[in-house]
Amino acid sequence: MRWIDMPPVWLAGLLLLSWLFRGVGPDFALESVGALIVLAGACVIALAAREFRRHRTSIIPGDTPSALVTTRIYRFSRNPIYLADVAILLGASLYWGSLPGLILAPILAMILQLRFILPEEQRIQATFLSEFDAYAQQTNRWL
């Protein structure tokens with residue numbers, strides 16, 4: 001059952017909820033903007049996954065990494081994949097014209113931070129000590 005409490009599952013569930021409420025509220029669907037945001041989020045995930053592969057470390061939430069990834073996309077955000085998850089939900093909600101979906105985005109960010117980011121940072125800090133502290137001081141958690 002551990003696979004249920006994973007960021008992609010949370011994202012998929014909230015995307016489904018946003019889609020169910022498409023067209024609820026004022027008519028504000030912004031298809032082009034929403035599609036661009038979703039595409040940007042997917043690109044960020046691909047770039048981040050590539051860095052994990054380059055450093056030969058686990059991308060699975062809950063695993064203790066064998067390397068501290070601080071290069072390329074990770075110079076701008078300590079959590080680009082989670083940031084991309086929130087962007088994808090926002091973009092899809094704009095595309096569908098789902099006002100509740102826009103409200104779900106900060107909820108997803110809170111879930112990701114509490115369930116995944118904070119525990120991951122504790123494991124990474126315990127593993128990489130001062131190296132992580134230096135990285136955390138120069139790179140923001142989100143942006």
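## Helix 2 and its packing

Contact here means heavy atoms within 4.5 Å, and in this predicted model the buried residues of helix 2 pack in that sense against helix 3. The buried residues in helix 2 (31-54) are Gly34, Gly41, Ala48, Ala49, Glu51 and Phe52. The 24 residues of helix 2 should span 34 Å at 1.5 Å a residue, and its end C-alpha atoms are 34 Å apart, which agrees. Helix 2 is followed by Arg56, whose phi is positive, near 55°.

## Helix 1 and its buried side

For helix 1, which runs over residues 7-20, the 14 residues should span 20 Å at 1.5 Å a residue, and the separation of 20 Å between its end C-alpha atoms agrees with this. Pro7, Leu11, Leu14, Leu15 and Ser18 are buried in helix 1. They cover an arc of only 110° around the axis, and therefore lie on the same side of helix 1. An α-helix has 3.6 residues a turn, so residues three or four places apart point the same way. The cover over the buried residues of helix 1 includes helix 3 (80-96) and helix 4 (99-138).

## Helix 3

Helix 3 is mostly covered, with 13 of its 17 residues buried. At 1.5 Å a residue its 17 residues should span 24 Å, and the end C-alpha atoms of helix 3 are 24 Å apart, in agreement with that expectation. Just after helix 3, Gly97 takes a positive phi of about 70°.

## Nonpolar cores

The largest nonpolar core holds 15 residues, of which Leu11, Leu15, Val86, Leu89, Leu108 and Leu112 touch the most other members. Two or more residues of this core come from each of helix 1, helix 3 and helix 4, and helix 4 gives the most, with 7 residues. Once residues up to four places away in sequence are set aside, Leu15 touches Ile88, Leu89, Ala92 and Trp96. A second, separate core of 11 residues includes Leu68, Ile81, Ile124 and Tyr135. In soluble globular proteins, nonpolar side chains tend to be buried together.

## The loop between helix 2 and helix 3

Thr57 lies in the loop between helix 2 and helix 3, and Thr57 counts as buried because its relative accessibility of 12% falls under 20%. Not counting residues up to four places away in sequence, Thr57 touches Phe52, Pro65, Ser66, Ala67 and Val69.

Arg78 also lies in the loop between helix 2 and helix 3, and Arg78 counts as buried because its relative accessibility is 13%. Leaving aside neighbours within four places in sequence, Arg78 is in contact with Glu121, Phe132, Tyr135, Ala136, Thr139, Asn140 and Arg141; among these, Tyr135 is a member of the second core. The C-alpha atoms of Arg78 and Leu89, which are 11 residues apart along the chain, are separated by 19 Å.

## The largest pocket

About 550 Å³ of space lies in the largest pocket. The lining of the largest pocket is made of 29 residues, of which Phe52, Ile59, Tyr74, Tyr82 and Glu120 lie nearest its centre; one of these, Phe52, is also among the buried residues of helix 2 and is touched by Thr57. Helix 1, helix 2, helix 3 and helix 4 each supply at least two residues of this lining, and helix 4 gives the most, with 7 residues.

Definitions and conventions
Residues numbered from 1 in each chain as written. Predicted model: local features only at pLDDT ≥ 70, side-chain atom pairs only at ≥ 80, totals over all residues. Heavy atoms only, no water. Helix = DSSP H or I, 4+ residues; strand = E, 2+ residues; numbered from the N terminus. Expected span 1.5 Å × (residues − 1). Buried < 20%, exposed > 50% of the residue type's maximum accessible area, 1.4 Å probe, protein only. Arc of directions from axis to C-beta. Core = buried A, V, L, I, M, F, W, Y, C linked by side-chain atoms within 4.5 Å. 1 Å grid on protein atoms, 1.4 Å probe; cavity = no way out; pocket = protein on both sides within 12 Å on 5 of 7 lines; lining within 4 Å. Points joined across faces, edges and corners; volume = space filled by probe spheres on them.
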